[in-house]
Amino acid sequence: MSCALHLDRLAKTFPNGTAALGELSAEIEAGAFVSLLGPSGCGKSTVLRLIAGLEEPTRGRVDWPQARGSLGFIFQEPTLMAWASAAKNVALPLELAGMAKSEAHERACAALDKVGLAGFPDALPRELSGGMRMRVSIARALVADPDVLLMDEPFAALDEFTRGKLNDDLLRLWGERGFTGIFVTHSVFEAVYLSRRILILSGRPGRLVADIENPAPYPREPGYRTSSEFSATAREILGALEDVSTC
Ligand SMILES: Nc1ncnc2c1ncn2[C@@H]1O[C@H](COP(=O)(O)OP(=O)(O)OP(=O)(O)O)[C@@H](O)[C@H]1O
């Protein structure tokens, strides 16, 4: 598989002196699903912001060996416009890119359909549950068909049941679209369920301490969560995290 992006000795110290990210090098394959896991404050969100170009690295760089891919970003909060319908929220990135309103609306409705919200294009965010609002946020991130999807703990605020369903929907969309997924989470179990590869960072300033492959094939069914393969990968990650917390 070809390399989508290369994190080349990426480091970030903020102007106030906080060294958030020590030095991170990793090649991310095109079409991979990679999770970043590590203690709170170790620079995981900073890595996503550096990849998105929202922050400049202090040292190192983000290399795009092919062309720089188009990006989608899903944040922990759905960050929807409260006064606008679900369809209007999803259509916004297309309209900002210059697409005609009617076409943007049509595409937004198709994207809502894909995340199980076919009947809700006119609903306002306050009329939707937390899980449904996150689905709108996913539709908005995917509507322009990005090459790389950056996800910053998108399901952390949701209950276990909704989170599990959204994990399955996300994997289905990833299988259909083939984007490169980079996913920040605090949950070892979510990381195992979703990822082909898990990068574990040390405490601040974050450094790569383990790079774990998850060999379980896709599609992953809910039964995978209770399999011995799942437990084996989770154990490997928990071991690496234990080393992080004692170093
Ligand atoms: N703009 C900023 N200015 C100063 N310090 C910052 C800034 N953004 C983040 N930090 C600090 O950098 C460190 C890393 O932050 P970051 O949000 O990347 O960590 P994280 O691993 O995603 O944390 P969490 O898991 O708790 O969300 C933290 O100590 C944070 O306070």
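Which residues in α2 meet Val136, Ala139 and Arg140 in α4? They are Ala86, Asn89, Val90 and Pro93, where meeting means that the C-beta atoms, placed from the backbone, lie within 7 Å.

## Model and numbering

This is a predicted model, in which local features need pLDDT of at least 70 and side-chain atom pairs count only at pLDDT 80 or more, while totals for chains, interfaces and linings use all residues. Residues are numbered from 1 along each chain as its sequence is written. Helices (H or I, at least four residues) and strands (E, at least two) are DSSP runs, numbered from the N terminus.

## Annotated domain

An unreviewed UniProt entry lists residues 5–228 as "domain: ABC transporter". UniProt positions are given in the numbering used here, feature names are shortened, and annotations may be inferred rather than shown by experiment. Over residues 5–228, the chain is 33% helix and 25% strand, with the end C-alpha atoms 32 Å apart.

Ala, Val, Leu, Ile, Met, Phe, Trp, Tyr, Cys and Pro count as nonpolar, Asp, Glu, Lys and Arg as charged, and the others, Gly among them, as polar.

Helix α2 (residues 86–96) and helix α4 (residues 130–142) have axes that come within 8 Å and cross at roughly 30 degrees. Axes are lines fitted to C-alpha atoms, for helices over the stretch in contact, and angles run from 0 to 180 degrees between N-to-C directions. The two helices are therefore roughly parallel to each other; angles under 35 degrees count as roughly parallel, over 145 as roughly antiparallel, 65 to 115 as roughly perpendicular and the rest as oblique. The crossing of α2 past α4 is right-handed, that is, the near helix is turned clockwise from the far one by less than a right angle. Five nonpolar, one polar and one charged residue make up this contact.

The axes of α2 and helix α3 (residues 101–114) also come within 8 Å, but cross at roughly 120 degrees. That makes α2 oblique to α3. The crossing is again right-handed. On the α2 side the contact is made by Ala86, Ala87, Val90, Ala91, Leu94 and Glu95; the α3 residues include Lys101, Ala104, His105 and Arg107. This contact has ten nonpolar, one polar and three charged residues.

## Packing of α4 with α5

Helix α5 (residues 160–177) packs against α4 at an angle of about 15 degrees, with the axes 11 Å apart. That makes α4 roughly parallel to α5. α4 passes α5 in a right-handed crossing. Gly131, Met134 and Leu142 in α4 meet Thr162, Leu166, Leu173 and Arg177 in α5. The contact divides into four nonpolar, two polar and one charged residue.

## Backbone features in loops

Arg204 and Pro205 are joined by a cis peptide bond, with omega about -10 degrees. Pro205 lies in the loop between β8 (197–201) and β9 (206–213). Another cis peptide bond joins Tyr218 and Pro219, with omega about -5 degrees, and Pro219 is in the loop between β9 and α7 (228–246).

Asp145 is not a glycine, yet has a positive phi of about 55 degrees. Asp145 is placed in the loop between α4 and β6 (148–152).

Definitions and conventions
Contact = placed C-beta atoms within 7 Å.
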